[in-house]
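Trainee: Let's go through the terms used for this model. I want each label set against its definition.

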Amino acid sequence: MLWDVFSTVQDFTHFFLYLDADRILHYFWMFLIFDLPRYVLLDLLVIFIYLPLKYIHRHRDHRARQQLFKERPLVSIIVPGKNEGKHLTKLAMSLRQQTYSKLEIIIVDDGSDDDTPVVGRRLKQQGLIDYFIRNEERGGKASAANTGLIYAKGRFIVHLDADLHLNNNAIERVILPFMIDERIGMVGGDVRVRNADDSLTARVQAIEYMKGISVGRSVASMVGMLRIVSGAFGAFRADVLRDELKGWDVGPGLDGDITLKFRNLGWKIFHEPRAVCYTHVPNTLPKLARQRLRWDRSIVRFRVRKHVHILKVSKNFRMLDFLTVFENLFSNIFLNILWWMYLFQIVFFDSEFLLRIFVINYFLYLASNIIAYIIALCLQGDTLRLKDYALVFFLPLMPFYIGFYLRVVRTYAYMSEFICKSSYNDTWNPWKVSSIAKKEGL
Amino acid sequence: MAVTPFVLLSYNAEKIIPDGGRYLSPSALDDQDAMESYFFVIDGDDVQQAKQILVNIRNHLHTKIYLKPVVLGVGVAQKDRLLHASVDLISHMDETAFPLSHEQEEMVNAIRSNKAFHQKETSILGAQQISLRILRFMSSRQHIEQEPIGSPNILTGYSYPMLEVFFPNIDSSIWDMLESLKNQHLIEGRFMSKAYHCTHCECAFLDFMETCPDCSSPNIESDDMLHHFRCGHTEAMQKFKRDDMLVCPKCHLGLKQIGVDYDKPSLVFSCNECQYIFEEPDATTVCYNCSRRTNPENQVQRVIYAYRITALGQNIAIFGQEQLFTKVLKENLNIISHDAFQRIVEIEVARIKRYKSTQSSVVILDLKGLSEALVDLGERGVSFYKDIAAAFVAELRTSDAMTIVGRSKVTILLTETDTVGAEIVMQRMILRVDCIFYAVLSVSSSVTGRVMAMDHDFDLKKETHGLG
């Protein structure tokens, strides 16, 4: 038995080591040409550029913090949502324990039919929040957030999901970049997984968030190509959001949409990995699929349809915006198509080595995940919890999760959106809103 | 001696009296004619004087005075709505004709024939006395529901005109009294309305206003919040208005149809003083009388009822509060009439005289403090009385007989029981009653009792003489 395993490993190693460069490229082009640079080499910028720069600029960060506490600008926190009553008390407590306390908390109830109005009014009476606004008719998340925007008086607006838990310095950290660079218009917080212990599905998402949000967005932010600030935890300059953009457009995917609008106006987008919040993620694969279908469809709807003008040469053409959107479409839609082609190739043309190619690919992707995980640990530093280290044992699942599960879901999402415009039927928005968006191709 | 049908009360001594009547000064209500006449006529053109005469009547100590029907001339009645409502009858009185119609006479007779009209006044002073007077008044006019009348001339907003004259001072005591009687189930209320009264001065005239939560100014405006479906823009309607159209300030498209292009999910308020925008204004009240500013939740909210006396209330109006105890006792114990008890005692005395070998006893208990307990306990008084009745049941046998003498004295025949045994039974009953008093009212009772041996010359009439 042991001998069989040994001989198999020896066979696979022998196969890989004795491949010439052409054959290696032929069998593993997907990883070597696209995924290695995208997932490993770019991430290494964190180690070699991002963190050293952070260290060099530590005094600047310190001065920005002093300036923040000297000026004490009002920060308006907008929490829109439907049927979120069960989360509101914890969120309000978490906000009241922030190191930066000059906050104005606005909760907008988007036509809830649970106990949200009771909870919200109680929190208002207790003085834990400043506003509880009840919209009797559900209008969707954008409408609710825009309602909150009317009441917001702060210099900065923070948009939060109701089910978040914030580290007690999260608001301070997410506002600090505005004090460092006044060309920054939006700052994204670092969204991490709160319920990783719930299931394997939640655990692999926890690793995915560490890689994709913490590392991926920090790198994108550094090179000026950040294309999304998470709607769960994002901070905005109020003057731009309210006066120039007049709030959010209809979703789903309103967070990516508003990010592109900020970019179009020339504002810098920043990701702050130390502004930590924790969110609940879907704990079963079907629930996860539903969430990802919505996210992936919004890429087609907003990048391909609504903001396709960014890809066209015009008087407002900006190369960085072009590259950002192009990279987004390339890495999601184009690479997804390539992945199916690659799969087709090894199944039908290289079937004699199918198992060997598959196993070697698995280890290559596993290695890249391990590297990305280590980079994430370095980046997150003192904000890590003990249980984040324990996620290392679930890294072997990541090639299956990202390589197969997410790609299949993504493919289905793109096809349904391209062919059927399924995002307009999503119950995430009320039908009165979706029907107009569909009719007008918004 | 012929009865004077009515007495005309007037400050004008030269008034010509219609046939059958007699003039009296308002200060001469103790006059025998005032006592025996069928009704009073208040004469005069001055509202204040008429009111004062009415107050004097209703605050007299004798039932035959303060319960007597009062007739007011239509002239003065028309000058004051509340005075009009505070008397029994209005009459087109002239100097020659009898002031009442046939129907009015019947009403006067109904009041006069009510049992409450013929009760002796108690000598108890204070609130309880007023409550009894109110009950008697309502009992004598049991067909009349005491409806509140709203008036801008009354500080409390509502008045019970017929009852208010029993209260010389203008304060909240009438409200408290009626509430107390209602709680004791002596009167019942029919919901009429609700009203806020100033917590400081009882004034019902409060200016309710919405104010800015930031600067407390009432100079605020409200506007519909508009949600444009197409672009998700949400803002106050004012910002969408362009000439006579609604145009989205974000995407510059016209909004035509509510429900199709836009909806109105909520209201938004703004302060014209400090420009503060808010979702819900504060509410405050300013009292027109004392000018104090108070939150509405801190004001006194009263339910306004129309009152009518209950059967229990009528019982007390006629017999006093002690009678309630008799009623409860009768329901729970085998109480026999005083005459029947007397006869049983005579038979028992005859039996003892004949056989000489047996001995029976009579116990008389004086249950003092029962009426005071009812005042303290209100509606719980009935269950308190039931507990006391249960204490008697526990100690008595079926062969014992019991009757009530007077208003709170209980006489018990203990057959085949000598005085020693009867003394034991009596002490046990006193102890039980004492325990109930202490448990419910946290005070000891002042129940006393005595035991009498039934020998051959025992005379119950003699022994119980003067008890009632």
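Trainee: Which residue of S23(B) is the bridge partner of Ser361(B)?

Mentor: Ala453(B) is that partner. The model is predicted, so local features need pLDDT of at least 70, side-chain atom pairs count only at pLDDT 80 or more, and totals for chains, interfaces and linings use all residues. Residues are numbered from 1 along each chain as its sequence is written, with chains lettered from A and ligands numbered from 1 in the order in which they are written.

Trainee: What makes S20(B) and S23(B) a pair?

Mentor: Strands pair if DSSP finds at least two bridges between them. Strand S20 (residues 361–366) of chain B and S23(B) have 6 bridges, in the antiparallel sense. Therefore they pair. Strands here are DSSP runs (E, at least two residues), helices too (H or I, at least four), numbered from the N terminus.

Trainee: Why are S21(B) and S23(B) called edge strands?

Mentor: The open sheet runs S21-S22-S20-S23 in chain B. S21 (401–405) and S23 (448–453) each pair on one side only.

Trainee: Which residues of H4(A) meet H8(A)?

Mentor: Among them are Arg60(A), Ala64(A) and Leu68(A). Contact means C-beta atoms, placed from the backbone, within 7 Å.

Key
Two residues are in contact if their C-beta atoms, placed from the backbone, lie within 7 Å.
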